[in-house]
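Colleague: Hi! I'm new to this one, could you walk me through it?

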Amino acid sequence: MTLSSFIVRNTFRNKRRSLLTMASISFSLLLLTMMMSIWRTFYLDPGPPDAVRRIITRDRVSLAFFLPAYYRDKIRSVPGVVAVAPMTYFGNRYKDDRASNAFAQAATDPDEYPKVASDKIIPPDQLVAWQRDRTGALVDVELAKKYGWKIGDRITLSSPYFPVAPELTIRAMYKIDPPARSLYFSSKYLEESVGWFKGQAGWYITQVDSADHVASVSQAIDELFRNSPQRTKTESQQAFQLSFVATLGNVKVFILSICAAVVFAILLVSSNTMAMSIRGRTREVAVLKTLGFTRQRLLAIFVGESIALAVGGGVIGILAATGMLQWLTHSSLAIGIPAGMRVTFPTMVVSLLVAATVGFVSGCLPAYNAARINIVDGLRHIG
Amino acid sequence: MAIPISYNVRNLILRKGLTLMTALGIALTVTTAIFLMALVAGLNRAFVSSGNPLNVLVLRKGSEAELSGGFDASLYPTLKTLPGIAKDSHGEPMTSGEWVVVIVLPRKDGTGEVNVTVRGMMPDGLEMRPSAKLVEGRWFQTGQREVVVSKSIQGRFSHANIGDTMEFGKGSWKVVGVFDAGGSAYESEVWGDVNQMASDFDRQGGFSSAYLRATDPISAEALKNRVSDDQRLKLEGFNEKEYYAKQTSSGTPIKVIGYVVGFIMAIGSIFAAMNTMYAAVAYRGREIATLRVIGFSRPAILTSFVLESLLLALLGAAAGILLMLPFNGMQTGTSNAVTFSEVVFALRITPQVALYAILFALIMGFVGGLAPAWHAARQNILNALRS
């Protein structure tokens with residue numbers, strides 16, 4: 001019998017205890033993996049391929065205030081700017097108020113937006129058709145699939161911010177990884193239907209010639225409007241998206257404290273189990289020692305058992321988290337969850353390492369105590 | 001006959017290590033739940049305690065927030081003459097035309113910039129908000145470029161102490177006083193003179209909102225309806241208290257996260273509690289059989305073990321609450337979905353939060369203890385005695 005098979009047999013000799021421990025650890029690791037994935041999506045993920053070259057200029061105080069149209073030409077004059085498109089958030093309602101039917105709808109300039117969002121792949125003939133039809137819409141392929149839309153279909157939108165219900169014809173579809181699930185239509189159409197909105201835009205999205213110039217161009221743009229009636233705030237697309245996350249409060253601290261609580265909880269559960277399991281085997285340990293097992297060997301056996309339990313629970317938890325996020329981002333509940341959120345391989349490795357470490361730490365003390373047992377006392381032990 | 005509860009207590013004490021570790025595991029789950037519940041409770045308090053039921057808030061028709069309100073100043077005198085308005089200390093109708101803007105201030109700890117609501121008001125505005133108490137300095141004076149800041153703004157932002165100057169609008173404003181708004185939504189605001197503010201932001205000739213103080217609750221309701229029904233005004237009246245109560249929706253994302261995290265952690269804890277209780281039952285096989293022989297019934301054994309599990313959970317809940325108590329009153333901020341500015345609020349461990357935490361722990365203890373207790377009660381007496 002090899003050491004590893006000895007460990008595996010021992011791990012499962014009290015099946016109920018091992019299964020309960022693994023179940024407990026797996027739920028904790030499910031949470032930990034999900035939290036780490038959220039962290040990665042928010043703070044580490046570079047986003048779509050060209051996102052690093054895109055910056056967004058908005059009103060310094062709040063997105064609730066629109067920017068004047070002439071800002072666009074001023075931004076265009078900044079060296080390093082490749083293309084600028086206006087963007088106005090129209091709303092996210094479709095058909096009814098249900099969250100499952102919500103997707104982002106924005107008004108932009110069909111002529112220049114494709115240059116800014118060069119990572120959205122649009123068939124050239126469809127693009128021309130969209131640019132020619134003022135009431136045309138550009139939609140995500142994934143979104144079209146969800147609603148069964150085809151080119152030429154007509155849909156009607158409504159908005160809590162604008163008192164209009166534009167009727168749009170789907171003229172083009174784009175592909176992007178991860179899917180963006182949003183709809184774009186002409187800002188001219190919106191300006192024509194809403195009188196007071198004429199000559200304004202929610203924010204400007206700019207493509208910069210290289211990622212190295214993002215900081216300097218952002219600064220130059222804000223400097224440009226320093227003395228204007230409406231000052232601006234220009235930041236990378238990622239920072240812009242993060243600012244929505246930041247409104248929830250100190251999200252980083254939230255996530256970190258939840259992770260810490262979870263890790264500590266599995267540490268408790270796992271060391272509890274090991275203590276119970278080793279205490280019940282005092283006499284057995286003495287027998288093993290009599291047979292010639294060294295202390296190091298015994299230590300390895302028990303710590304190995306503890307690691308096996310934690311990693312076993314960890315694998316289940318990580319797989320469950322992967323499945324859950326996969327399901328969440330593809331389900332109708334996905335409103336507000338970035339489509340790029342998934343459990344990546346590095347996250348899995350880190351989760352598993354955490355599980356193994358917890359298993360190791362929690363096994364150490366009980367195992368050390370067991371290995372130190374005096375043979376005679378151990379053999380006499382009744383338990 | 002029931003088994004005395006002291007039997008369970010002594011058993012828990014006998015197996016100290018195991019009891020403590022399991023209780024701590026439950027405590028961790030409880031702390032997480034308390035933390036999230038206290039956040040929501042604090043946020044709700046910020047809104048629910050805001051606003052006076054006698055104050056009627058007037059906005060442009062169709063607008064739902066002061067920031068997107070805005071109406072012509074020429075309508076204000078009409079509002080002032082409406083019936084049912086209380087008299088102020090000078091014998092005039094107690095009304096205040098106000099201007100609300102959002103400005104950007106740098107955080108004191110250097111972690112970025114935050115939106116803060118600045119409110120310009122008439123002298124009656126202060127009289128209408130008796131819940132805001134001056135704690136330092138004096139109120140701003142009409143016609144002066146002076147502001148008063150709330151206590152939490154003073155603590156969270158730089159240049160917000162008395163004598164400092166704040167830079168916004170077209171120039172600098174002198175901070176002359178600090179007020180305490182008792183944890184209400186005003187706790188996140190900076191107040192100054194309405195005319196000074198309006199001219200700084202080029203908004204003379206308009207107000208974003210007006211406040212009218214009614215003499216009693218009935219005339220408040222009548223006043224609200226009168227404002228809304230008057231076709232010439234094109235304005236809408238709101239009860240100030242109801243207006244703030246509606247903003248509690250800002251806490252929804254925290255609530256949703258709280259439910260998900262609390263639920264997953266609870267399941268993990270239930271399995272851990274189950275493990276401990278199964279071990280307790282396994283160790284005491286012979287003891288349980290003896291109890292049965294003496295004459296304790298199966299239901300009595302079942303109840304006893306469920307009780308032991310509940311006790312364990314209660315211990316965990318107590319530890320969790322104790323661990324979280326130092327955080328009571330800790331201030332934090334989140335964005336208000338209506339005003340786009342930061343709402344400052346304190347973590348509040350209310351009796352209700354503590355009660356929910358205890359209930360939450362008891363549910364974990366019950367679910368975790370039921371199966372092992374069932375197992376204990378069903379044991380074969382003879383086999384158990386022989387083991």
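Colleague: Let's start with helix packing. At roughly what angle do H2(B) and H12(B) cross?
Modeller: Their axes cross at roughly 145 degrees and come within 9 Å of each other. H12(B) covers residues 351-378 of chain B. Keep in mind that this is a predicted model.

Colleague: Is that crossing of H2(B) and H12(B) right-handed or left-handed?
Modeller: Right-handed.

Colleague: And which residues make the contact?
Modeller: From H2(B), the contact uses Ile26(B), Val30(B), Ala33(B), Ile34(B), Met37(B), Ala38(B) and Ala41(B). H12(B) supplies Val353(B), Tyr356(B), Ala357(B), Phe360(B), Ala361(B) and Met364(B).

Colleague: Okay, zooming out. What domains is chain B divided into?
Modeller: Domain 1 takes in 5-48 + 249-386, and domain 2 runs over 55-215. Going by C-alpha atoms, the centres of these two domains of chain B are 46 Å apart.

Colleague: And what does the domain assignment give for chain A?
Modeller: For chain A, domain 1 is 3-46 + 250-380 and domain 2 is 61-230. The centres of those domains in chain A are separated by 47 Å, again over C-alpha atoms.

Colleague: Now the two chains together. How many residues of chain B are in contact with chain A?
Modeller: 34 residues of chain B, and they meet 29 residues of chain A.

Colleague: Which elements of chain B give two or more residues to that side?
Modeller: Helix H2 (16-48), strand S3 (95-106), helix H9 (252-283) and strand S13 (331-335) of chain B. The largest share comes from H9(B), with 14 residues.

Colleague: What classes of residue does the side of chain B that touches chain A have?
Modeller: That side has 20 nonpolar and 14 polar residues, and no charged ones.

Colleague: What are the scores for the model?
Modeller: The ipTM is 0.72 and the pTM is 0.74. For chain B, the average pLDDT is 84, and 95% of the residues score at least 70.

Colleague: Switching to single residues. Where is Ile122(A)?
Modeller: Ile122(A) is in the loop between helix H4 (113-116) and helix H5 (124-132) of chain A. Leaving out residues up to four places away in sequence, Ile122(A) touches Pro114(A), Leu127(A), Leu138(A), Ala172(A) and Tyr174(A).

Colleague: Why does Ile122(A) count as partly exposed?
Modeller: Because Ile122(A) has 17 C-beta neighbours inside 10 Å.

Colleague: How far apart in space are Ile122(A) and Ala371(A)?
Modeller: 67 Å, C-alpha to C-alpha, and they are 249 residues apart in sequence.

Colleague: Back to chain B. What is phi for His159(B)?
Modeller: Phi of His159(B) is near 55 degrees, a positive value in a residue other than glycine. His159(B) sits in the loop between helix H5 (151-156) and strand S7 (165-168) of chain B. With 16 C-beta neighbours inside 10 Å, His159(B) counts as partly exposed.

Colleague: And what about the phi of Lys234(B)?
Modeller: Lys234(B) has a positive phi too, about 55 degrees, although it is not a glycine. Lys234(B) is in the loop between helix H7 (217-229) and strand S12 (235-239) of chain B.

Colleague: Is Lys234(B) buried or exposed?
Modeller: Lys234(B) is exposed, because 12 other C-beta atoms lie within 10 Å.

How values were computed
Residues are numbered from 1 along each chain as its sequence is written. Chains are lettered from A and ligands numbered from 1 in the order in which they are written. This is a predicted model: local features need pLDDT of at least 70, side-chain atom pairs count only at pLDDT 80 or more; totals for chains, interfaces and linings use all residues. Domain bounds come from an automatic or database domain assignment. pLDDT is the predictor's confidence in each residue, from 0 to 100. Two residues are in contact if their C-beta atoms, placed from the backbone, lie within 7 Å. Helices (H or I, at least four residues) and strands (E, at least two) are DSSP runs, numbered from the N terminus. Ala, Val, Leu, Ile, Met, Phe, Trp, Tyr, Cys and Pro count as nonpolar, Asp, Glu, Lys and Arg as charged, and the others, Gly among them, as polar. Axes are lines fitted to C-alpha atoms, for helices over the stretch in contact, and angles run from 0 to 180 degrees between N-to-C directions. A crossing is left-handed if the near helix is turned anticlockwise from the far one by less than a right angle, and right-handed if clockwise. A residue is buried if 20 or more other C-beta atoms lie within 10 Å of its own, exposed if 12 or fewer, and partly exposed in between; C-beta atoms are placed from the backbone.
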